Amino acid sequence: MKIILSLVAFIAFGMSQAYAQKFSQPSNKFMKETVNGVSYTYKDGYIILKNNSKYNLQDLNISADYTENSDINGLAFFEDVKKGTTQKQKMNFSTLKDDVAVDYKKLKPELLSFSYLKAVRN
């Protein structure tokens, strides 16, 4: 019976929608130190940020590139993120050329590539 349940769970997990988004780490030494312990996830148009670093952050900006269309990008701006806290912000997507808003529902999440744009600690 355990084998059957394991098999059913494996099949159910395999049929669920799963995708991998790219989350880049900064190459700048100071930025790496500032965001060490900071984590974020993207879901349904929002970035959920957890600050488990040793710093209060004055500003933190996260950008997203859409690999299917290089004209589309996204930005999320965070302010006054105290250490040990979680914040949620809407990621706004637009076109680079003419700054037209793009609905996140029209984008495939697996084609988004995220990175830190700016991080300033208090």
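Predicted model: local features only at pLDDT ≥ 70, side-chain atom pairs only at ≥ 80, totals over all residues.
Leu 75 stands opposite Asn 92, a residue of strand E7. Residues are numbered from 1 along each chain as its sequence is written, and side-chain values use heavy atoms, with hydrogens and water left out.

**Aromatic pairs**

- Rings of Phe, Tyr and Trp (its six-membered ring) pair if their centres lie within 6.5 Å; planes under 30 degrees apart are stacked, over 60 edge-to-face, and the rest tilted.
- The count by this rule is four aromatic pairs.
- One of them is the edge-to-face pair of Tyr 40 and Phe 114, at 6.5 Å centre to centre with 75 degrees between the planes.
- Tyr 40 sits in strand E2 (residues 38-43) and Phe 114 in strand E9 (residues 112-121), so this pair ties together parts that are 74 residues apart in sequence.
- As for burial (buried is under 20% relative accessible area, exposed over 50%, partly exposed in between, with a 1.4 Å probe and protein chains only), Tyr 40 is buried at 9%, and Phe 114 is buried at 0%.
- Tyr 40 also pairs with Tyr 116: the ring centres are 5.2 Å apart and the planes are at 80 degrees, so this pair is edge-to-face.
- This second pair links distant parts of the chain too, with Tyr 40 in E2 and Tyr 116 in E9, 76 residues apart.
- Both Tyr 40 and Tyr 116 are buried.
- Put together, ring pairs link Tyr 40, Tyr 42, Phe 93, Phe 114 and Tyr 116 into a cluster.

**Charges over rings**

- A charge sits over a ring if NZ of Lys or CZ of Arg is within 6 Å of the ring centre and within 35 degrees of the ring normal.
- Lys 90 has its charged end over the ring of Tyr 46, 5.7 Å from the centre.
- Arg 121 lies over the face of Tyr 55, at 4.1 Å from the ring centre.

**Salt bridges**

- A salt bridge is a side-chain nitrogen of Lys or Arg within 4 Å of a carboxyl oxygen of Asp or Glu, and the count by this rule is two.
- Arg 121 turns up again here, meeting Glu 33 in a salt bridge (3.4 Å, N to O).
- Arg 121 lies in E9 and Glu 33 in helix H2 (residues 29-35), so the pair ties together parts that are 88 residues apart in sequence.
- Glu 33 is partly exposed, at 37% relative accessibility.
- Lys 108 and Glu 68 also meet in a salt bridge, at 3.5 Å from N to O.
- This pair ties together parts 40 residues apart in sequence, because Lys 108 is in the loop between E8 and E9 and Glu 68 is in the loop between E4 and E5.
- Lys 108 is partly exposed at 40%, whereas Glu 68 is exposed at 51%.

**Two polar side chains to look at**

- A polar contact is a pair of N or O atoms within 3.5 Å; within protein, one must be able to donate a hydrogen and the other to accept it, and residues adjacent in sequence count only if both atoms are side-chain atoms.
- Gln 87, in strand E6 (residues 86-90), has a side chain that reaches the backbone oxygen of Glu 79 at 3.4 Å and the backbone oxygen of Asp 80 at 3.2 Å.
- Leaving out residues up to four places away in sequence, Gln 87 touches residues including Ile 47, Leu 49 and Phe 78, where contact means heavy atoms within 4.5 Å.
- Ser 53 is in the loop between strand E3 (46-51) and strand E4 (57-66), and is buried at 8% relative accessibility.
- The side chain of Ser 53 makes a polar contact with the side chain of Asn 51 at 2.6 Å, and one of its polar atoms lies 3.1 Å from the backbone oxygen of Tyr 55.

How values were computed
Pairing = 2+ DSSP bridges. Helix = DSSP H or I, 4+ residues; strand = E, 2+ residues; numbered from the N terminus.
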